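Welcome! Take a moment to look over the sequence and the model before reading on.

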Amino acid sequence: MKKNIGTSDKWIRIIVGIFLLSLIFWGPETLWGLIGIIPIVTGFVNFCPLYALLGLTTSKPAEKAA
């Protein structure tokens with residue numbers, strides 16, 4: 001798997017994912033908050049299958065080599 005998520009994109013995904021997961025406990029308290037797992041996982045593994053499918057990348061060339 002090639003890295004296709006940049007640093008800022010990674011942290012945005014993690015923060016949004018945590019917010020979505022928090023909806024399980026606060027707010028509407030439904031299981032729809034589990035959708036937050038997806039951005040958290042893609043943020044931690046630095047790979048987004050949708051980006052790969054569309055040929056997109058937010059990582060810089062130096063980040064791809066790492």
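Here is a short tour, from the whole chain down to single residues.

The structure shown is a predicted model. Its chain has 4 helices and 0 strands, and in sequence order the pattern reads α-α-α-α.

**The chain as a whole**

- The chain has 66 residues, and 30% of them are buried.
- Along the principal axes, the C-alpha atoms fill a box of roughly 40 × 20 × 15 Å.
- Among contacts in the chain with a separation of 6 or more, 65% are between residues 24 or more positions apart.

- The mean pLDDT of the chain is 91, with 92% of the residues at 70 or more.
- Confidence is highest in helix H2, with a mean of 97.
- Helix H4, residues 61-65, is where confidence is lowest, at a mean of 65.

**Helices H1 and H2**

- How do H1 and H2 pack? Helix H1 (residues 7-22) and helix H2 (residues 37-45) meet at an angle of about 150°, and their axes are 7 Å apart.
- Because angles over 145 degrees count as roughly antiparallel, H1 is described as roughly antiparallel to H2.
- The crossing of these two helices, H1 and H2, is left-handed.
- On the H1 side, the contact is made by Lys10, Arg13, Ile14, Gly17, Ile18 and Leu21.
- On the H2 side, the contact is made by Ile37, Pro39, Ile40, Thr42, Gly43 and Phe44.
- Sorted by class, this contact of H1 with H2 has 7 nonpolar, 3 polar and 2 charged residues.

**The buried side of H2**

- Which residues of H2 are buried? They are Pro39, Ile40, Thr42 and Gly43.
- The cover over the buried residues of H2 includes H1 and helix H3 (49-54).

- Gly36 sits in the loop between H1 and H2.
- Is Gly36 buried or exposed? Its relative accessibility is 0%, so Gly36 counts as buried.
- Leaving out residues up to four places away in sequence, Gly36 touches Gly17, Leu20 and Leu21.
- Leu23 is 13 residues from Gly36 along the chain, and the C-alpha atoms of the two are separated by 9.1 Å.

- Asp9 belongs to helix H1, and with a relative accessibility of 13% it counts as buried.
- What does Asp9 contact, leaving aside its neighbours within four places in sequence? Asp9 is in contact with Tyr51 and Thr58.
- Asp9 and Thr58 are 49 residues apart in sequence, yet their C-alpha atoms are 7.0 Å apart in space.
- Thr57 is found in the loop between H3 and H4, where it counts as partly exposed at 37% relative accessibility.
- Thr57 and Ile5 are 52 residues apart in sequence, with 6.1 Å between their C-alpha atoms.

- Most residues other than glycine have a negative phi, so the next two residues are worth a look.
- Glu29 is not a glycine, but its phi is positive, at about 55°.
- Glu29 lies in the loop between H1 and H2, and at 53% relative accessibility it counts as exposed.
- Asn46 is not a glycine either, and it has a positive phi of about 55°.
- Asn46 follows H2 and is placed in the loop between H2 and H3.
- Is Asn46 buried or exposed? Asn46 is buried, with a relative accessible area of 15%.

Definitions and conventions:
Residues are numbered from 1 along each chain as its sequence is written. This is a predicted model: local features need pLDDT of at least 70, side-chain atom pairs count only at pLDDT 80 or more; totals for chains, interfaces and linings use all residues. Side-chain values use heavy atoms; hydrogens and water are left out. Axes are lines fitted to C-alpha atoms, for helices over the stretch in contact, and angles run from 0 to 180 degrees between N-to-C directions. Angles under 35 degrees count as roughly parallel, over 145 as roughly antiparallel, 65 to 115 as roughly perpendicular and the rest as oblique. A crossing is left-handed if the near helix is turned anticlockwise from the far one by less than a right angle, and right-handed if clockwise. Contact means heavy atoms within 4.5 Å. Ala, Val, Leu, Ile, Met, Phe, Trp, Tyr, Cys and Pro count as nonpolar, Asp, Glu, Lys and Arg as charged, and the others, Gly among them, as polar. pLDDT is the predictor's confidence in each residue, from 0 to 100. Buried means under 20% relative accessible area, exposed over 50%, partly exposed in between (1.4 Å probe, protein chains only).
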